[in-house]
Structure formats: C-alpha cells, structure tokens
Amino acid sequence: MLKRIVRWGVLGAAAFLVVAQLVPYGRDHTNPPGRVEPVWDSAETRALAVRACFACHGNATEWPWYSNVAPMSWLVQRDVAEGRGKLNFSAWDVPQEDADDAAEVVRSGEMPPWTYRILHSSARLSTAEREMLIRGLAATFGDKGSEGDR
C-alpha cells in the first residue's frame, strides 16, 4: 500500500512539473537598458550593491538556468519584478521612493534574502562588507531606518 502511494506521488509530482512548463509566466527575462544610476558615495558601495543587490534591483539581471524551469522560473520572475518595482538602481531618472529604506533593510537582515544567498555565494557578504554596504547606502540615499536613533 505504501509503495503504491509513493509511486502515485512521484508520478503526480512528475506530471505537475511537466505541465508547469506550459505556463508562460516566468520566462519574460527582459533587461531593459540601464538608464541612470544614483551618484554613489564610493566605488566600493557600488561594487557591494552590484554583488548583493543588482540582480533584483537593477536592469542587468543574469538569468540562471533554473530561471527557465517552472516552478522556479515563477519565483525568480516574481522576485525580480518585485525588486525592480521597489527599488531599481538602473532607473534613477524616475523617483525611487524606497531608496532611503535601503540601509535599514540590509541592517535588519531582510536583504539580500536568504533564499537568494543560498544560490548566489557572491551575495553572502562578510560582516565587514555588510557594514560597509550599510554605511554606503546610508551615505548615498539617507537612512530612514535610523531616524528613531537620533
């Protein structure tokens, strides 16, 4: 009985994965041309932001192989669209209302998300790099998150 349940479970999962490939969402891998970047406080801040942030918060996303395979493609597409919608370092010619939150979300550990860091070792910043990025983001955009500390 258990063997039959496992067999049907595996067949069902395989069928789901095959059918999921027919869903068109998650394959719109566009990288609009970069327009204007912010005036960074330093080249080091920009380099750290490129490593840890630009994949979702910029227009130069490198789409890995798994971004073409559903259901991972759905998650990657959603994360990039949401990231660019919140803050886009490549579109500084339009208002970026959440820019002054950037230092705080890194400070709180919210960004980069752990799910991204698992698959992208370059986004795993050392403590010193993380602190440097926080200071650089605060210097570049302000630091709305630390206003309560003043």
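Colleague: Which residues of helix α4 are buried?

Modeller: A residue counts as buried under 20% relative accessible area, as exposed over 50% and as partly exposed in between, with a 1.4 Å probe and protein chains only. In this predicted model, where local features need pLDDT of at least 70, side-chain atom pairs count only at pLDDT 80 or more, and totals for chains, interfaces and linings use all residues, the buried residues of α4 are S73, V76, Q77, V80, G83 and R84. Residues are numbered from 1 along each chain as its sequence is written, and side-chain values use heavy atoms, with hydrogens and water left out.

Colleague: Where do these buried residues of α4 fall, seen down the axis of the helix?

Modeller: The arc is taken from the directions that lead from the helix axis to the C-beta atoms. For α4 the buried residues fall within an arc of 135°, so they line one face of the helix. On the other side of α4, E82, G85 and K86 are exposed, while the cover over its buried residues includes α3.

Colleague: What span should helix α4 have, and how far apart are its end C-alpha atoms?

Modeller: Helices are DSSP runs of H or I with at least four residues, strands are runs of E with at least two, and both are numbered from the N terminus. The expected span of a helix is 1.5 Å times one less than its number of residues. The 15 residues of α4 (residues 72-86) should therefore span 21 Å, and the end C-alpha atoms are 21 Å apart, which agrees.

Colleague: Which residues does Q77 touch, leaving aside those up to four places away in sequence?

Modeller: Contact means heavy atoms within 4.5 Å. By that rule, Q77 touches Y25, G26, R27, D28, H29 and W63. Q77 lies in helix α4 and is buried, with a relative accessible area of 9%.

Colleague: Which residues are buried in helix α2?

Modeller: In α2, which covers residues 43-52, the buried residues are T45, L48, A49 and A52. Seen down the axis of α2, they fall within an arc of 100°, so they line one face of the helix. They pack against α3 (54-57), α6 (114-119) and α7 (127-141).

Colleague: How many salt bridges does the structure hold?

Modeller: A salt bridge is a side-chain nitrogen of Lys or Arg within 4 Å of a carboxyl oxygen of Asp or Glu. The structure holds seven of them. One of these joins E129 to R51, with the closest N and O atoms 2.9 Å apart. This pair links distant parts of the chain, since E129 is in helix α7 and R51 is in helix α2, 78 residues apart. E129 is partly exposed at 24% relative accessibility, and R51 is partly exposed with a relative accessible area of 29%.
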